[in-house]
Amino acid sequence: MADEENTLQTGLILSTGFASLIAGYMFGVTTTRGYFITPELAEERRRNLADPVESEESDIDEDDTLLDHAPNWANGAEADRRQGLKNPEKPIVRDTGEECKLVLVVRTDLGMTKGKIAAQCSHATLACYKKLARSPEGSAERKLLARWEKLGQAKIAVQIKGQDEMLALCRKARGLGLVAEVVQDAGRTQIEAGSMTVLGVGPAPRSVVDQVTGGLKLL
């Protein structure tokens, strides 16, 4: 008799668990598809689906061959010579053991939209990352990069109002041994070709980066 009761209890528990699993799955599916949401959220969802464009930034140009916002890096030897910049072969900043950060210096005088700024900041971030990643394995630069990655890849966006100020900051950063990468826009959407849009400084120890960008306002 006891065995029969135990068997019934076990079957009941398994049946209840299975039913709960199926119910939870169905609830998740129907919620994701928007069946159990308020009328306000349903209307917002409908508008988003009807208008998928999130910004004025287009990824592909008219002939679908080039990135519409593809940057021209302003950091080649010839570009540095024209701009009066000194670009050492590798960063010489001393590793202080503190938290590292990357600062993105954005020009606000160009009138870029939020989408455009996001794209240009992405270009600058990638350029700075690649610069450090090309350093030899086990070097101080690679250790800085690894610590920045491990601690959350801190990024700060600040603003300036002109190209001359950007070039001055770039010179100062490189003079301190920091990675400093300038992005020039290809000019296929919103701004003139060759415009310097964003300066990336770092990743590097916070105290050293602050010597360059610490006085700038947040974007």
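This is a predicted model: local features need pLDDT of at least 70, side-chain atom pairs count only at pLDDT 80 or more; totals for chains, interfaces and linings use all residues.
We begin with the strand pairings around β3. Strand β3 covers residues 155-160, and strand β2 covers residues 100-107; the two run in the parallel sense and are joined over six bridges. One of the residue pairs to look for is V103 with its bridge partner I156, which is in β3. Strand β3 also pairs with strand β6, made up of residues 217-218. Here the sense is antiparallel, and the pairing has two bridges. Across from Q159 stands K217 of β6.

Next comes the loop between α5 (140-150) and β3, where Q153 is found. The phi angle of Q153 is near 50°, which is a positive value in a residue that is not glycine.

Another pairing involves strands β4 and β5, which are antiparallel and linked over five bridges. In this pairing, E181 stands opposite G200 of β5. Strand β4 runs over residues 180-184, and five of its five residues are buried. The cover is found on both faces of β4: A180, V182 and Q184 are buried on one side, and E181 and V183 are buried on the other.

Strand β5 itself spans residues 196-205 and contains P203. The peptide bond that joins G202 to P203 is cis, with omega at about 0°.

Notes
Residues are numbered from 1 along each chain as its sequence is written. Side-chain values use heavy atoms; hydrogens and water are left out. Two strands pair if DSSP finds at least two bridges between them. Helices (H or I, at least four residues) and strands (E, at least two) are DSSP runs, numbered from the N terminus. Buried means under 20% relative accessible area, exposed over 50%, partly exposed in between (1.4 Å probe, protein chains only).
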